[in-house]
Amino acid sequence: MSQWTQEELDRINGDEWFHLSAALPDGSTPKTVDIWSVGVGDRIFVRSYNGTAGKWYSLALESGKGRISAGAVTKNVSFVKVDDEEAKKLVDTAYRTKYAHSKWGGAMADDPVRDNTIEVVSAE
């Protein structure tokens, strides 16, 4: 599994918006959504507020592949569903901290949204 460099982590985590394209069955990534992301240590996570009703989320789970761009970093990635409760708690804290300025910051760290946690893993 490829790792993020510290420079990539700093740039991505320093940006408020995360541009994500989940791969379609043919491998193309035609639609990009702008969402929030958080870093925890050397890992990057995203959550879908709408769960499986969010088309990008369903595609990310189905294909497990896509492309991201944030902080002038663009990469092919893999998406991995997170079920580990300890990891989710760390991600909760990261969302509450990074997005404390928004009324939605807390909602991204509460049930049922926290069950929609995906780790974004560099595929390069």
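Modeller: Please note that this is a predicted model. We may begin with Glu85, which is partly exposed at a relative accessible area of 35%.

Colleague: Which residue forms a salt bridge with Glu85?

Modeller: The closest N and O atoms of this salt bridge are 2.9 Å apart. Glu85 lies in helix 3 and its partner in the loop between helix 3 and strand 7, so the pair ties together parts that are 29 residues apart in sequence. The partner of Glu85 is Arg114.

Colleague: What distance separates the end C-alpha atoms of helix 3?

Modeller: Helix 3 covers residues 85-98, and its 14 residues at 1.5 Å a residue should span 20 Å. The distance in the model agrees with that expectation: the end C-alpha atoms are apart by 20 Å.

Colleague: Which residues of helix 3 are buried?

Modeller: The cover over these residues includes strand 3 (37-40), strand 4 (43-47) and strand 7 (117-122). The buried residues themselves are Ala87, Lys88, Val91, Asp92, Ala94 and Tyr95.

Colleague: Within what arc do the buried residues of helix 1 fall?

Modeller: Helix 1 spans residues 6-14, and its buried residues are Glu8, Leu9 and Ile12. Viewed down the helix axis, they line one face of the helix, because they fall within an arc of 100°.

Colleague: Which exposed residues does the opposite face of helix 1 carry, turned away from its buried side?

Modeller: The buried residues of helix 1 pack against several elements, including strand 1 (18-22), strand 5 (65-70), strand 6 (73-81) and helix 3. The face turned away from that buried side carries Gln6, Glu7 and Gly14.

Colleague: With which residue does Glu7 meet in a salt bridge?

Modeller: Glu7 is exposed, with a relative accessible area of 52%. The side chains meet at 3.3 Å, N to O, and the partner is Arg11.

Colleague: Which residues have the most contacts inside the largest nonpolar core?

Modeller: In soluble globular proteins, nonpolar side chains tend to be buried together. Here the largest nonpolar core has 34 residues. One of its members, Trp56, touches residues that include Leu20, Val33, Ile35, Val46 and Ile118. Those with the most contacts inside the core are Phe18, Leu20, Val46, Trp56, Tyr95 and Val120.

Colleague: How many aromatic pairs are found in the whole structure, and which residues form the stacked pair 3.9 Å centre to centre?

Modeller: The whole structure contains 5 aromatic pairs. In the pair in question the planes lie at 5°, and it is stacked, its members being Trp36 and Tyr99.

Colleague: Is the pair of Tyr49 and Trp104 stacked or edge-to-face?

Modeller: Tyr49 lies in the loop between strand 4 and helix 2 (55-63) and Trp104 in the loop between helix 3 and strand 7, so the pair ties together parts that are 55 residues apart in sequence. The ring centres are 5.9 Å apart and the planes stand at 75°, so the pair is edge-to-face.

Methods
Residues numbered from 1 in each chain as written. Predicted model: local features only at pLDDT ≥ 70, side-chain atom pairs only at ≥ 80, totals over all residues. Heavy atoms only, no water. Helix = DSSP H or I, 4+ residues; strand = E, 2+ residues; numbered from the N terminus. Expected span 1.5 Å × (residues − 1). Buried < 20%, exposed > 50% of the residue type's maximum accessible area, 1.4 Å probe, protein only. Contact = heavy atoms within 4.5 Å. Arc of directions from axis to C-beta. Core = buried A, V, L, I, M, F, W, Y, C linked by side-chain atoms within 4.5 Å. Salt bridge = Lys/Arg side-chain N within 4 Å of Asp/Glu carboxyl O. Phe/Tyr/Trp six-rings, centres within 6.5 Å; stacked < 30°, edge-to-face > 60°. Lists of a residue's contacts leave out its neighbours within four places in sequence.
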